[in-house]
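Biologist: I would like to go through this structure term by term, and for each term to hear how the value leads to the word. Could you take the cut-offs as they come up?

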Amino acid sequence: SELGNITPVLLVPGPWDARTLAVQAETIAGMFTHNASYNCIAAKMLVTARGWPLRDELLAAVERFTALAAPRRAWYPGAASSYHRLLDGRTGVVRIGDARPDELPWAIIPGIAPDPDDAAFRQEPFCALLWETQIGSTDPVEYLEEAVTLANETLWGTLAAHIVVHPRTASDRTTRAALERAIRRLRYGTVSVNCWAGYGFGFGTSPWGAYPGSPLTDIQSGRGFVHNALMLERVEKTVVRHPAVTFPKPPYFPSHRTAHTLGRALTRFEARGLSALPAVVAAAIRG
């Protein structure tokens, strides 16, 4: 079975320029708002570097892109009670959107302390909220070591994790080694770099499931893999790598203008094959 997780987004400090940082901010907002955040791999814990000078800029951009997605009806059972149980009494909550009585405004809670006894680190919030915590330092090697330890040892769940890293950091000899070490160390069934782990699910051919080893007494995100069309054996994890900036725009971005058209085109492509591909391409590039 598969039970979800508190999905981390580890944002590695580096030589971020405004455009690349904005693209990744919208990636985070898209991972957060997709399906009203009722998703086992919705972004839930943004982990930034303590002292990182671009933190405020990033958070402002995540808020701005999140605001492009209208608040959604709290249709998932228990979502409203979970939302209020986790947020009531907390300070610094940023609520986004004009929600109607049956909806929940998006909530971003910056600067929570990395406390293993805090419910933010132990209870999956299947509702419209995103936590942010700071750890480590602005040195990317030190940050990655501490962020991976936080994800492995403190956050509940083992289904999927994200790493956001600037291309120059990923290609530098020293920091590249630290990045590869972090990917190996993360105890998650899918690790995605600069994109949403939802790609790993959507591909269908790649193995999808929790990191192996959870006992029945502590099942967390489950046991075993699904999909895996190539029938690979002894799988530990799937790693999805993606450019930090790409064209066309990913369909889960809140600013995507033709996602509704693209979704229908992809459905027809699945049913009809290559004859329906031109409509997919046309909708994708107009997004």
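Biologist: Why is Y76 called partly exposed?

Modeller: A residue is buried under 20% relative accessible area, exposed over 50% and partly exposed in between, with a 1.4 Å probe and protein chains only. Y76 has 35% relative accessibility, so the value falls in between and Y76 counts as partly exposed. The model is predicted, which is why local features need pLDDT of at least 70 and side-chain atom pairs count only at pLDDT 80 or more, while totals for chains, interfaces and linings use all residues. Residues are numbered from 1 along each chain as its sequence is written, and side-chain values use heavy atoms, with hydrogens and water left out.

Biologist: How many aromatic pairs are there, and what makes Y38 and Y76 a stacked one?

Modeller: The count comes to eleven aromatic pairs. Y38 and Y76 are among them, with 5.8 Å from centre to centre and 25° between the planes. Rings of Phe, Tyr and Trp (its six-membered ring) pair if their centres lie within 6.5 Å, and planes under 30 degrees apart count as stacked, over 60 as edge-to-face and the rest as tilted.

Biologist: What makes you say that the charged end of R64 sits over the ring of F65?

Modeller: The rule asks for NZ of Lys or CZ of Arg within 6 Å of the ring centre and within 35 degrees of the ring normal. The charged end of R64 is 5.1 Å from the centre of the ring of F65, and it is described as sitting over that ring.

Biologist: How many disulfides are there, and how do you know that C127 is in none?

Modeller: A disulfide is a pair of cysteine sulfur atoms within 2.5 Å, and by this rule the count comes to zero. For C127, the nearest cysteine sulfur is that of C40, 15 Å away, so C127 is in no disulfide. C127 is buried, with a relative accessible area of 0%. C195 is in no disulfide either, its nearest cysteine sulfur also being that of C40, 15 Å away, and C195 counts as buried at 2% relative accessibility.

Biologist: Why are the buried residues of α3 said to line one face of the helix?

Modeller: The buried residues of α3 are A79, S82, Y83, L86 and L87. Seen down the axis of α3, they fall within an arc of 110°, so they line one face of the helix; the arc is that of the directions from the helix axis to the C-beta atoms. What covers them includes β6 (106-112) and β7 (129-135), where contact means heavy atoms within 4.5 Å.

Biologist: What puts the buried residues of α10 on one side?

Modeller: In helix α10 (residues 277-285) the buried residues are V280, A283 and A284. Their arc around the axis is only 100°, which puts them on the same side of α10. Helix α9 (259-272) is included in what covers them.

Biologist: What makes a set of residues a nonpolar core, and how many residues has the largest one?

Modeller: A nonpolar core is a set of buried Ala, Val, Leu, Ile, Met, Phe, Trp, Tyr and Cys residues joined through side-chain atoms within 4.5 Å. The largest one has 78 residues, and those with the most contacts inside it include I28, M45 and L58. Its largest share, seven residues, comes from α1. Another core, of five residues, lies apart from it, and among its members are A265, V280, A283 and A284.

Biologist: Why does the phi of A36 deserve a remark?

Modeller: Most residues other than glycine have a negative phi, and most peptide bonds are trans. A36 has a positive phi, near 60°, and is not a glycine; A36 is found in the loop between α1 and β2 and is buried, at 2% relative accessible area. N228 likewise has a positive phi, of about 50°, without being a glycine. The bond that joins F247 and P248 is a cis peptide bond, with omega about 0°.

Key. Helices (H or I, at least four residues) and strands (E, at least two) are DSSP runs, numbered from the N terminus.
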